[in-house]
Amino acid sequence: MRTALIAALRRTGTGTLRAGLPLAGRSVLARQVDLLRSFGCERILCLCESPDAEILRVQQAVERAGGTFQALRGFLHLPALVRAEDELVILADGLLPDPAVTARLFAEATPPRLVACLPSDSPLVAAHPDDFERIDAARHWGGVLAMRGAPVQHLADFPPDADAISLLLRLALQAGTPCRDLPAEVSAGGSWLLASDESALVAQEQALIMRAAGEADWRRPSASLAGLAARAFSPRGLAQGPLLALAGSGLLLAGGIAAAAGGLSAVGLGLGALGAFAATFSGALAAMKHALLGEGAGPGKRAWPQIAVDCAASAMLVLALSAPATFVPLALLGAVLIGLARLSLPPAPLAPLADRSVLLALLALAAAFGLLPEATALVALLFTGGMLLPQTRDLG
């Protein structure tokens, strides 16, 4: 069994547990547990003074996911919990290592046996010498350790007030666990975060939000704008934000259909453009929530809001192209246009037309000038031409 050992013992200068500090909507402890679970750790052991509310929340989350979480007051029970054939993975108290770097370390060592190392001149070591302790003349521990479970039995020979993680580091080195140097960017402190105080997490929180938002793709203007807005609302607006934005989208789309049915084509399509953007904003918030909080469906798994937008947009266009209370065959071109928008990939200069918010806004403008049928036919022709070109990605 692969077991993880973490600690929630060290405190900041203000007396707050490092492991309990919030980072982009989740505690440092919860993010440590997520990282360890991603490396296949089935059981999490957490050294603590007493199980506080955050530790209990993390325990419940792990158990809901089918894992095991045990809070330990001291290390006296560790020899009984960790068997000789087990694999033990240890993270330093309050450390959030770069997941990509850590994954490479584990991939290079099968089974995982390693002591992550920092050079003595690393800025991280200079700033936190007590956390990254020296292991030889040129290196310090980097806060990540993977070892066999057998040396854990020797903890029974030490006094109960000793530092268990420091002891296990020494026991792992004595057992011949190989040392692996961390990359230069880690040594410079760019991707290895130690939650030593609240201020240390501010810049990292923004970096996490930016990484979760991804790069803006201005071929999809509404998605890019929604991503920027989602950054501004993160992490505080992520709890109910996706649902509220989706509800707003539904109201706007319903209002757009009603206005188009009443002969107010420009108003209806304008409301439709706002509703399409609200749905995109809801998706951006949901993706951010999944990336930062690990909740909800991931990207690409919530396609139904976009399908609903397209159905509503088709209805709006059909109604807007028909005379009030009278259906005309030309109105079907509206539904055809939305179908083409899903299937085609226009040339790069025209790619924003496939964005539903942009498309509906332009058609609303055309309707205001009495040119909706002509504009609809022109855009449909452009999308049809786009289908004849090599397609690399569906922007719909």
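In this predicted model, residues L337, I338, A341 and R342 of α13 are in contact with R356, L359 and L363 of α14. Sorted by class, the residues of this contact are five nonpolar, two charged and no polar. Helix α13 covers residues 332-343 and helix α14 covers residues 356-368. Their axes come within 12 Å and cross at roughly 150°. Angles over 145 degrees count as roughly antiparallel, and α13 is therefore roughly antiparallel to α14. The crossing of α13 past α14 is right-handed.

Helix α14 also packs against α11, at an angle of about 165° and with the axes 8 Å apart. This angle makes α11 roughly antiparallel to α14 as well. Here, however, the crossing of α11 past α14 is left-handed. From α11, the contact takes in S265, A266, L269, G270, G272, A273, A276 and F277. From α14, the residues are R356, S357, L360, A361, L363, A364, A367 and A368. By class, the contact of α11 with α14 has eleven nonpolar, four polar and one charged residues.

Helix α11 runs over residues 265-293, and helix α8, residues 199-213, packs against it. The angle between α8 and α11 is about 130°, with their axes 9 Å apart. Roughly perpendicular pairs span 65 to 115 degrees and roughly antiparallel ones lie over 145, so α8 and α11 are oblique to each other. The crossing of α8 past α11 is right-handed. On the α8 side the contact is made by L208, I209, A212 and A213, and on the α11 side by M288, A291 and L292. The contact of α8 with α11 has seven nonpolar residues, with no polar and no charged ones.

How many cavities of 30 Å³ or more does the count give? The count comes to one cavity of 30 Å³ or more, and the volume of the largest cavity is about 30 Å³. Its lining consists of A8, L17, A19, G20, L29, D52, E54 and I55. By class, five of the lining residues are nonpolar, one is polar and two are charged.

Two details of the backbone remain. A24 has a positive phi of about 55°, although A24 is not a glycine. This residue is found in the loop between β2, residues 22-23, and β3, residues 26-27. The other detail is a peptide bond: from S234 to P235 the bond is cis, with omega near -5°. P235 is found in the loop between α9, residues 221-233, and α10, residues 241-261.

Terms used: Residues numbered from 1 in each chain as written. Predicted model: local features only at pLDDT ≥ 70, side-chain atom pairs only at ≥ 80, totals over all residues. Heavy atoms only, no water. Axes fitted to C-alpha atoms, helices over the stretch in contact; angles between N-to-C directions. Helix = DSSP H or I, 4+ residues; strand = E, 2+ residues; numbered from the N terminus. Parallel < 35°, antiparallel > 145°, perpendicular 65-115°, else oblique. Left-handed = near helix turned anticlockwise from the far one by under 90°. Contact = heavy atoms within 4.5 Å. Nonpolar A, V, L, I, M, F, W, Y, C, P; charged D, E, K, R; others polar. 1 Å grid on protein atoms, 1.4 Å probe; cavity = no way out; pocket = protein on both sides within 12 Å on 5 of 7 lines; lining within 4 Å. Points joined across faces, edges and corners; volume = space filled by probe spheres on them.
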